[in-house]
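Okay everyone, thanks for coming.

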Amino acid sequence: YSTRPGLNQAGQGAPHLTEVPETTHYVVADAAGNVVSNTYTLNGAYGSCIVVPGTGMLLNNEMDDFAVKPGTANLYGLVQGERNAIAPKKRMLSSMSPTIVLDSQGRFSMAVGSPGGSTIPTTTLQVITNVIDYGMNARQAIEAPRFHHQGLPQTIDVEAHGFAPETLKALQAKGHPIHVRASLGDAQLILRRPDGTLEGWADPRKGGLAVGY
């Protein structure tokens, strides 16, 4: 808002942060042990582009997640079959993967998730693997380079930075087409450390922010 006295209007210039037009993910944990991992979506950008009169709320276009025509790719290139066909009282298949991981005693260990359409499961799994299998802290697990493969098309998506050229060339030599993308996912993560303290990190790929209180 304008800093000039008497004016209650938006000032000039672009806002520092803007709302994304499709899927959003956040994680929350408090001192009482309550934990939330939440992914919510409009699916495509601005969903169906239909606003509910009088509310300002956009309706999603999650119907795209059904196999409208089995064997044909949807918005994210996913090819599905008859089992995901449209039918009454049926919920469409979704790639959204809000995740809470428990330790061997059933205690909260981490909360994680991401937007990103078909890349959500691979993004979420890679963050979890970075922590459990490679011993990374929250920041390292989030900022590590990512890749994605969804079966069809037969292409490996990789982020533009972080993968050795020799590795990519070796994959191509084995017949794996490589598709370079600027970024994959927008993961958010909270870890419970062995001493019980919480450690959180927000993905810098889309301007996320971790906040403690």
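Before we start, one term: when I say two residues are in contact, I mean they have heavy atoms within 4.5 Å of each other. And keep in mind that what you see is a predicted model.

So, find Ala187. Which residues is Ala187 in contact with, leaving aside its neighbours within four places in sequence? On that count there are Gly113, Ser114, Thr123, Val127, Ile142, Arg146, Trp201, Ala202 and Asp203.

Ala187 also belongs to the largest nonpolar core, which has 12 residues. Val127 and Ile142 are in that core too, along with others including Val101, Met110 and Leu189. At least two core residues come from each of these elements: strand E6 (108-113), helix H1 (120-132), helix H2 (138-143) and strand E10 (188-192). In general, nonpolar side chains in soluble globular proteins tend to be buried together. Apart from this one there's another core, of 5 residues, and among them are Val27, Ala29, Phe108 and Ile190.

Strands E1 (residues 24-29) and E2 (residues 35-40) are antiparallel and pair over 6 bridges. They make a hairpin with 5 residues between them, and in the turn Gly33 has a positive phi of about 95 degrees.

Last stop: an open sheet of 3 strands, in the order E7-E8-E9, with mixed pairing. E7 (147-148) and E9 (178-181) are the edge strands, each pairing on one side only. E7 runs antiparallel to E8 (residues 156-159), joined by 2 bridges, and His148 sits opposite Asp157 in E8.

Note on methods
Residues numbered from 1 in each chain as written. Predicted model: local features only at pLDDT ≥ 70, side-chain atom pairs only at ≥ 80, totals over all residues. Heavy atoms only, no water. Pairing = 2+ DSSP bridges. Helix = DSSP H or I, 4+ residues; strand = E, 2+ residues; numbered from the N terminus. Core = buried A, V, L, I, M, F, W, Y, C linked by side-chain atoms within 4.5 Å. Buried < 20%, exposed > 50% of the residue type's maximum accessible area, 1.4 Å probe, protein only.
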